[in-house]
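Here is a short report on the structure below.

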Number of protein chains: 2
Amino acid sequence: MKSAKPYIEEHKDRFLTELIDLLKIPSISADKAYANDVIKTADVIKESLEKAGCDKVEICDTPGYPIVYGEKMLDPKLPTILVYGHYDVQPPDPINLWDSPPFEPVIKKTELHPEGAIFARGSCDDKGQMYMHVKAMEYMTATNQLPCNVKFMIEGEEEVGSESLGWFVERNQEKLANDVILISDTGMIANDIPSITTGLRGLSYVEVEVTGPNRDLHSGLYGGAVANPINVLTKMIASLHDDDNHITIPGFYDKVEELSKEERAKMAEAPFSKEAYCKALDIEDVYGEAGYTTNERNSIRPTLDVNGIWGGYTGEGAKTVIASKAYAKISMRLVPDQNWKEITELFKNYFESIAPKGVTVKVNPHHGGTAYVTPIDSLGYKAASNAYETTFGKTPIPQRSGGSIPIVALFEKELKSKTILMGFGLDSDAIHSPNEHFGIWNYLKGIETIPQFYHEFTKLKNS
Amino acid sequence: MKSAKPYIEEHKDRFLTELIDLLKIPSISADKAYANDVIKTADVIKESLEKAGCDKVEICDTPGYPIVYGEKMLDPKLPTILVYGHYDVQPPDPINLWDSPPFEPVIKKTELHPEGAIFARGSCDDKGQMYMHVKAMEYMTATNQLPCNVKFMIEGEEEVGSESLGWFVERNQEKLANDVILISDTGMIANDIPSITTGLRGLSYVEVEVTGPNRDLHSGLYGGAVANPINVLTKMIASLHDDDNHITIPGFYDKVEELSKEERAKMAEAPFSKEAYCKALDIEDVYGEAGYTTNERNSIRPTLDVNGIWGGYTGEGAKTVIASKAYAKISMRLVPDQNWKEITELFKNYFESIAPKGVTVKVNPHHGGTAYVTPIDSLGYKAASNAYETTFGKTPIPQRSGGSIPIVALFEKELKSKTILMGFGLDSDAIHSPNEHFGIWNYLKGIETIPQFYHEFTKLKNS
């Protein structure tokens with residue numbers, strides 16, 4: 001296949017403008033206040049797929065937000081690639097830490113992105129990376145180089161657990177039949193160190209509520225005599241880790257896959273500078289489970305993090321009150337072979353069991369997903385590896401990510417095909433954080449590399 | 001002195017309307033957004049003191065909110081009573097737990113207030129109790145029965161630490177010279193069990209901030225590898241109590257006054273039903289320091305309570321983020337002879353010392369106050385006791401309160417006079433909580449009892 005470079009060079013400005021327009025829509029799936037924006041985004045994606053050359057594009061209703069489905073079937077005998085992405089984004093909070101409004105994209109140069117990066121919520125996760133596939137499709141159809149069949153499935157609930165996608169996939173196995181699933185919703189080590197994600201962590205997300213007295217109390221009249229729900233909540237959360245930062249929930253590690261010496265040695269080869277890591281985050285030192293390196297702690301080991309906590313008086317000044325209720329949002333990242341429903345149950349039972357008399361505890365499971373590991377000897381991985389060699393001039397490094405795309409495990413179960421994770425973002429792109437951005441170089445490099453994957457995969461499949 | 005009952009009966013409706021109008025002004029000293037309302041309230045108090053018969057009333061400027069000063073000097077040879085109260089109120093949060101808007105007073109009957117109670121922020125703490133003194137003054141002047149000199153000092157910063165009052169008292173010792181200080185800002189055991197507060201706890205109020213990475217992070221990519229400020233904060237707070245709920249700050253208990261067996265036995269005589277206590281709060285059991293009863297835990301023992309905590313994502317749904325910062329507001333109730341500045345320092349040093357590498361910790365002291373105990377053999381106490389006997393037909397029980405009026409210790413130091421705490425609220429009046437209220441019976445009983453105190457004190461002083 002010819003290099004897409006000249007075509008990209010010619011249409012670069014339009015590729016940027018189209019993405020920027022897409023990023024202006026605040027498609028925050030977690031917050032119902034933005035429901036219309038989420039739905040509007042689905043319509044924009046539909047149009048873009050039609051323009052990119054899909055024969056059939058439809059907005060598929062679900063119990064939740066719609067899924068945009070598009071396809072171009074050249075010949076049933078040819079292999080079929082299923083592209084997955086999501087058009088919803090994380091909430092932008094805390095807004096005040098953004099240097100520019102999250103839904104008013106601006107282009108700025110950074111140390112790691114000397115050619116400029118687009119700053120906006122969703123620029124990297126996942127609108128920008130998803131849209132690379134739409135533009136790669138445009139290139140292949142416009143230049144009559146599409147080598148195989150292609151299907152697109154773009155959802156709007158990835159940031160809140162992809163429930164409707166699960167529902168949709170279970171009901172449309174034939175429609176979604178494919179030979180390989182292609183996703184760009186992860187990152188790579190560096191612009192000059194291409195890598196392919198071979199593993200994802202699972203997730204269990206819960207919200208807990210601790211209730212003490214039936215009303216807020218004066219901390220003088222009642223202080224010391226009744227259980228303070230906030231103090232109790234801190235004690236309960238603190239007890240979930242021991243002094244080695246192991247998680248104390250009974251049975252939590254029972255099914256955790258232990259990697260071999262060899263595998264851990266291979267992982268250790270990936271370039272990592274603790275000094276640079278700490279400097280980038282302004283921290284004096286890393287912190288985590290005893291006996292594991294930083295790269296292991298955030299990829300092959302399960303974790304438990306509080307994502308949010310609140311209770312009592314949080315306004316200006318002082319209020320001497322004992323709150324009636326305290327809350328926390330807690331997520332656990334899981335690894336093979338932990339079952340997220342099992343872990344959620346273990347958490348619930350244990351957390352309720354450690355509540356002292358004088359308070360009542362509620363644990364509300366939010367959502368979850370299973371971890372995933374892809375073999376590096378699959379056709380899909382080889383095709384991806386070859387594609388990177390062509391466009392980066394380097395063999396990509398296989399790398400496990402600490403993130404989660406809960407739906408990937410379900411794809412394998414329901415659609416019986418492997419998923420290839422070709423991510424072009426960097427960890428420092430601040431996804432889920434203020435000032436999320438995506439390098440223009442990375443955006444265009446993705447558009448250049450994806451067609452090569454189509455080419456390589458079709459070639460390997462037919463050989 | 002004649003009973004005030006007939007006069008109260010005649011003017012009851014006006015007494016209520018005037019208080020209700022006062023309660024409609026949201027004089028929240030903790031929140032600058034309400035600054036104009038706080039100042040407006042001072043003006044209303046000034047007018048009410050003039051109408052009540054003070055000869056000289058002035059709004060005294062301070063570095064913070066103004067202090068309303070009023071006086072009526074009959075004769076320098078007569079004893080002088082200094083009345084203290086405050087016109088500021090606690091923030092009403094959480095608003096959604098109020099059955100009616102906090103600044104739109106309504107009158108409703110309750111189990112403990114069959115004759116009705118006024119529901120509004122400040123109804124009991126302290127506008128309602130402070131205004132009893134204004135109306136008692138009106139009665140005495142209107143009926144030419146004022147037996148002594150009287151001075152009023154009503155401040156607007158009690159709920160945020162009374163800093164300006166300290167500043168004012170130090171500069172106006174002559175102006176404020178008195179024989180006894182009278183305050184109604186506490187409670188009594190029950191409407192049929194009158195009691196006089198003989199002790200108050202001190203206070204140290206701090207705000208803590210834990211900072212980890214320089215930005216919010218994706219909990220997948222970084223989870224397990226960096227210190228999560230919220231997890232760390234919960235661990236640090238949890239470690240402030242041991243399993244017996246003793247406070248673990250080194251030196252915290254060094255100066256705590258230990259009561260004798262006899263004193264504790266006397267305390268134990270005060271009527272208390274654990275069952276009723278738990279039922280009123282909807283809790284299964286009480287909770288607190290091992291080795292002490294509920295009445296001891298909330299009066300003669302120091303405490304450490306989190307009054308507010310916040311960090312990370314607290315909106316609807318799920319956000320998988322590691323927050324850059326986590327915060328908590330923490331208050332410690334102190335007892336004789338703990339020094340609040342010393343305790344604040346001990347807390348700061350200890351809390352900073354237990355922070356793990358990978359986070360930085362800031363401790364910002366808010367305000368504080370020293371505990372206070374008044375002897376029951378003082379003239380003032382005897383006068384108060386006699387006054388209660390006249391109007392309640394019962395001898396009041398001396399009782400230590402868990403609450404704090406930081407300024408009382410300063411009064412004794414600067415003005416060299418004892419303070420008498422004649423409180424007419426009930427613990428169940430929900431001060432500092434949603435649905436704060438004050439019984440109409442209690443309001444009128446206070447107006448009836450206060451003139452008797454003037455009479456008894458003058459009599460005892462002259463005998």
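## Backbone geometry

A:Ala430 sits in the loop of chain A between β17 (419–421) and β18 (437–439). This is a predicted model. Phi of A:Ala430 is near 60°, a positive value in a residue other than glycine. Most residues other than glycine have a negative phi, and most peptide bonds are trans.

Cis peptide bonds occur as well. One joins A:Asp93 and A:Pro94, with omega about -5°. A:Pro94 is placed in the loop between β3 (80–86) and β4 (106–108) of chain A. In chain B, the peptide bond from B:Asp93 to B:Pro94 is cis, and its omega is near -5°. B:Pro94 belongs to the loop between β3 (80–86) and β4 (106–108) of chain B.

## Chain A overall

Chain A contains 12 helices and 18 strands. Its C-alpha atoms fill a box of roughly 80 × 50 × 45 Å along the principal axes. How does the radius of gyration of chain A stand against that of a compact globule? For 463 residues, a compact globule would have a value near 23 Å; chain A has 23 Å, so the two agree.

## Extent of the interface

The contact draws 91 residues from chain B and 90 residues from chain A. The area buried between the two chains is about 7,900 Å². Carbon and sulfur atoms give 53% of that area. Three residues, B:Leu221, B:Tyr287 and B:Lys319, supply 9% of the area that chain B buries against chain A, more than any other three residues.

## Polar contacts and composition

Between chain B and chain A, 50 residue pairs are in polar contact, with both residues at pLDDT 80 or more. On the side of chain B that touches chain A, strand β11 (residues 303–312) of chain B gives the largest share, 10 residues. By class, that side of chain B has 34 nonpolar, 34 polar and 23 charged residues.

## Strand pairing across the chains

Which strand of chain B is joined to strand β11 (residues 303–312) of chain A? The partner is β11(B), and the two strands run antiparallel. Five bridges join them. Within this pairing, A:Ile309 stands opposite B:Gly311 in β11(B).

Side chains of opposite charge can pair when their charged atoms come close. Over all chains, the structure holds 56 salt bridges. One of them crosses between chains, from A:Glu316 to B:Lys32. A:Glu316 is in the loop between β11 and β12 (321–322) of chain A. B:Lys32 is in the loop between α1 (5–23) and α2 (35–51) of chain B.

How far apart are the closest N and O atoms of A:Glu316 and B:Lys32? The distance is 2.7 Å. The count of salt bridges between chain B and chain A is two.

Key: Residues are numbered from 1 along each chain as its sequence is written. Chains are lettered from A and ligands numbered from 1 in the order in which they are written. This is a predicted model: local features need pLDDT of at least 70, side-chain atom pairs count only at pLDDT 80 or more; totals for chains, interfaces and linings use all residues. Side-chain values use heavy atoms; hydrogens and water are left out. Contact means heavy atoms within 4.5 Å. Buried area is the accessible area (1.4 Å probe) that two parts lose on being put together, summed over both. A salt bridge is a side-chain nitrogen of Lys or Arg within 4 Å of a carboxyl oxygen of Asp or Glu. A polar contact is a pair of N or O atoms within 3.5 Å; within protein, one must be able to donate a hydrogen and the other to accept it, and residues adjacent in sequence count only if both atoms are side-chain atoms. Helices (H or I, at least four residues) and strands (E, at least two) are DSSP runs, numbered from the N terminus. Ala, Val, Leu, Ile, Met, Phe, Trp, Tyr, Cys and Pro count as nonpolar, Asp, Glu, Lys and Arg as charged, and the others, Gly among them, as polar. Two strands pair if DSSP finds at least two bridges between them. The radius of gyration is taken over C-alpha atoms; the globule rule is 2.2 Å times the number of residues to the power 0.38.
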